[in-house]
Amino acid sequence: GTYILKHSDAVIQLLDEHTLSTQTMQFSPFKKPFEERIEHWAFKLLYMSETLDEWLKVQRAWLYLQPIFDSPDIMKQLPGEGKRFKAVDNAWRNVMKATHDNPHALTCCSREGLKERWEEANR
């Protein structure tokens, strides 16, 4: 077995709220002493949002394709696609295990290379 992302709507809603608050700070006339920290936080939130979007796309595809590629007949008929799915499946299981072990959304979505890994999986 493996894990899937659940309750992502709550994370997305909180992320949107923080993004809106950060944008408000970016336009504040009093931002100067905090400008670097505000920009860093805005970048982090954007990266997290983009990573989560890609992650959810992978999850939708994985949930659809996993039972299909579990079939030995399909793996024989589509060896190239089967190999590609197996690579994504292994990445999925490893990332989801790590996420289950440390379910902090900001930490999980900020893992180096994760966004790019999911973008590649979605191609």
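## Burial and the basis of the model

A residue is called buried when its relative accessible area is under 20%, exposed when over 50%, and partly exposed in between, using a 1.4 Å probe and protein chains only. By this definition F69, at a relative accessible area of 12%, is buried.

This is a predicted model, in which local features need pLDDT of at least 70, side-chain atom pairs count only at pLDDT 80 or more, and totals for chains, interfaces and linings use all residues. Residues are numbered from 1 along each chain as its sequence is written, and side-chain values use heavy atoms, with hydrogens and water left out.

## Surroundings of F69

F69 lies in helix α2; helices are DSSP runs of H or I with at least four residues, numbered from the N terminus. Leaving aside residues up to four places away in sequence, F69 touches I74, M75, E81, G82 and F85, where contact means heavy atoms within 4.5 Å.

## Helices α2 and α6

Residues 35–69 form α2 and residues 114–121 form α6; their axes come within 9 Å and cross at roughly 35 degrees. Axes are lines fitted to C-alpha atoms, for helices over the stretch in contact, with angles from 0 to 180 degrees between N-to-C directions.

On the α2 side, Y47, E50, T51, E54, W55 and V58 take part, meeting L114, K115, E116, W118, E119 and A121 of α6.

## Cysteines

The structure has zero disulfides, a disulfide being a pair of cysteine sulfur atoms within 2.5 Å. The sulfur of C108 has its closest cysteine sulfur in C109, 6.6 Å away, which is too far for a bond. C108 is buried at 3% relative accessible area, and C109 is buried at 2%.

Note on methods:
Helices (H or I, at least four residues) and strands (E, at least two) are DSSP runs, numbered from the N terminus.
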